Amino acid sequence: LDLQGKLIKAALLGEGTLNQVSVYPRIAAETALRYRAEAVVLTHNHPTGSLQPSADDLQLTKRIALALFAIDIEVLDHIIVGGERYLSFAEMGLMKGKLI
C-alpha cells in the first residue's frame, strides 16, 4: 500500500499444497521494498474453508511483521479467506502488539 493506503501491487509470495506453503519474511521485505510500499496487508486462503488461524499462520505473521517493522513498513492486517467468508487478524485484535 502507498502512503494514502491505496493498493500499489498485489504480489504472490508463495504457493503451496492443501495444508502448507513456504513464505519467507525476506521475500516479503524484498517485494515491499521493490514497490516502495509504506504498509502491507497479508492474505492467504484455507482451501478447507476453515477460518481458524493455525499456529503456523500466527507465527509467520509475526515473523513477517517483525522483518518489515525493521525497515519501517507496517503490516496492517492478515486476512484468511475460506470459501465465501474471511477472517481479519486486525478485527480479531491480533495486530498492533497483541500478536507481536
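Predicted model: local features only at pLDDT ≥ 70, side-chain atom pairs only at ≥ 80, totals over all residues.
Modeller: Start with H78, which sits in strand β2, residues 74-82.

Biologist: Is H78 buried or exposed?

Modeller: H78 is buried, because its relative accessibility is 5% and buried means under 20%.

Biologist: Which side chains make polar contacts with the H78 side chain?

Modeller: The side chain of H44 is one partner, at 2.8 Å. The side chain of T61 is another, at 2.5 Å.

Biologist: New topic. Where does R85 lie?

Modeller: R85 lies in strand β3, which runs over residues 85-88.

Biologist: Buried or exposed, for R85?

Modeller: R85 counts as exposed, because its relative accessibility is 51% and the exposed class is over 50%.

Biologist: Which residues does R85 contact, leaving aside neighbours within four places in sequence?

Modeller: R85 is in contact with G49, L51 and I80.

Biologist: What does the R85 side chain reach on G49?

Modeller: The side chain of R85 reaches the backbone oxygen of G49, at 3.3 Å.

Biologist: And N19? How many residues apart are R85 and N19 in sequence, and what is the distance in space?

Modeller: R85 and N19 are 66 residues apart in sequence. From C-alpha to C-alpha, R85 and N19 are 18 Å apart in space.

Technical notes
Residues numbered from 1 in each chain as written. Heavy atoms only, no water. Helix = DSSP H or I, 4+ residues; strand = E, 2+ residues; numbered from the N terminus. Buried < 20%, exposed > 50% of the residue type's maximum accessible area, 1.4 Å probe, protein only. Contact = heavy atoms within 4.5 Å. Polar contact = N/O pair within 3.5 Å; in protein donor to acceptor, adjacent residues only side chain to side chain.
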